[in-house]
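I opened my notebook to look up a few things in this structure. Here is what I went through.

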Amino acid sequence: KSIEDSGYPYLHAQVDPYRYERQLRVFHEIVEFKKLGVAYEDSADGRTYAAIDVVEKLANERGFEIIRCYTQSDITDTSLAEQSVVDCFSQLADKADAIYVTVQGGVSSRSIPRLVNIANEKKIPTFSQSGSEEVKNGFFVSLSQAGFKYVGEFHASTFAKVFNGARPNQLDQMFQEPAKIAINLKTSEIIGFDPPMVLLGAAD
């Protein structure tokens, strides 16, 4: 129903409506890009998963240009979806000075090594919308989930309140993780980015 209320007395939902905005603000502060490449499926679901409304809002606020490339995501042929993202990365690497790697069917364990190679060859910094696991696999940076500790505490506290008589939809649903960064230092070296100590200090 809203950020504050699930709409059902028996249902509680953890929400973080500003996650993608925080991601893009952090990425822009780190890299100060002028042209941000974004590959996504040009459909209602594709734009939602890629948080395009947030990208456009930040582009207007901070004055960077969005370089778009359209992929195929919601299809049964995963190899075709993967190839569409690889093709888009090849185009974006020639036009953008940073790439926001969105969640979609074509970004997978099979395609990520190819995507990383394309970006690294052109020395293009990447930000994984998905999180730190993709950074381990070669993308440059993301926000880190800090090992589920904080979200686990949030849910445990919610359970305890429900067990003690609270109605689930009356409890706070907002959860914002601590500001932690995941950075791939090998990729950082390849693209020629020397991370400042303040960034390393925030690394999880």
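**Entry 1: the model.** I noted before anything else that this is a predicted model.

**Entry 2: strand S3.** I started with S3, which covers residues 98-101. Which way do its residues point? I saw Ala-98 and Tyr-100 going one way and Ile-99 and Val-101 going the other way. All of these are buried.

Then I looked up the partners of S3. Strand S1 (residues 35-40) pairs with S3 in the parallel sense, over three bridges. Within that pairing, Gly-37 has Ile-99 in S3 as its bridge partner. Strand S4 (residues 126-128) also pairs with S3 in the parallel sense, and I noted three bridges there. For Tyr-100, the bridge partner in S4 is Phe-127.

**Entry 3: helix H5.** What do S3, H5 and S4 make together? I wrote down a right-handed β-α-β unit, with H5 spanning residues 112-121.

Next I checked which residues of H5 are buried. My list reads Ile-112, Leu-115, Val-116, Ile-118, Ala-119 and Asn-120. Before going on, I reminded myself that an α-helix has 3.6 residues a turn, so residues three or four places apart point the same way. I then looked at what covers the buried residues of H5, and the cover includes helix H4 (78-95), S4, helix H6 (132-136) and helix H8 (185-190).

**Entry 4: two positive phi angles.** A reminder to myself: most residues other than glycine have a negative phi.

Ala-51 is not a glycine either, and its phi is positive at about 55°. Where is Ala-51 found? I located it in the loop between helix H2 (44-49) and helix H3 (52-62). Is Ala-51 buried or exposed? Buried means under 20% relative accessible area, and Ala-51 has 2% relative accessibility, so Ala-51 counts as buried.

I also asked what Ala-51 is in contact with, leaving aside neighbours within four places in sequence. The answer was Tyr-20 and Gln-129.

**Entry 5: His-28.** I found His-28 in helix H1. Its relative accessible area is 13%, so by the same cut-off His-28 is buried. Not counting residues up to four places away in sequence, His-28 touches Phe-33, Arg-62 and Phe-64. I looked up a distance here too: 17 Å separates the C-alpha atoms of His-28 and Val-135, which are 107 residues apart along the chain.

**Entry 6: the second largest pocket.** How much space lies in the second largest pocket? I noted about 190 Å³. Its lining has 15 residues, and those nearest its centre are Val-26, Leu-143, Ala-179, Lys-180 and Ile-181.

Which helix gives the most to this lining? That is H1 (residues 19-31), with five residues. I sorted the lining by class as well, and got eight nonpolar, two polar and five charged residues.

Methods
Residues are numbered from 1 along each chain as its sequence is written. This is a predicted model: local features need pLDDT of at least 70, side-chain atom pairs count only at pLDDT 80 or more; totals for chains, interfaces and linings use all residues. Side-chain values use heavy atoms; hydrogens and water are left out. On a 1 Å grid over the protein atoms alone, a cavity is a set of points where a 1.4 Å probe fits but cannot get out, and a pocket is an open set with protein on both sides within 12 Å along at least five of seven lines; lining residues have an atom within 4 Å of a point. Grid points are joined across faces, edges and corners, and a volume is the space filled by probe spheres set on the points. Helices (H or I, at least four residues) and strands (E, at least two) are DSSP runs, numbered from the N terminus. Ala, Val, Leu, Ile, Met, Phe, Trp, Tyr, Cys and Pro count as nonpolar, Asp, Glu, Lys and Arg as charged, and the others, Gly among them, as polar. Buried means under 20% relative accessible area, exposed over 50%, partly exposed in between (1.4 Å probe, protein chains only). Two strands pair if DSSP finds at least two bridges between them. A crossover is right-handed if, with the strands pointing away from the viewer, the path from the first strand over the helix to the second runs clockwise. Contact means heavy atoms within 4.5 Å.
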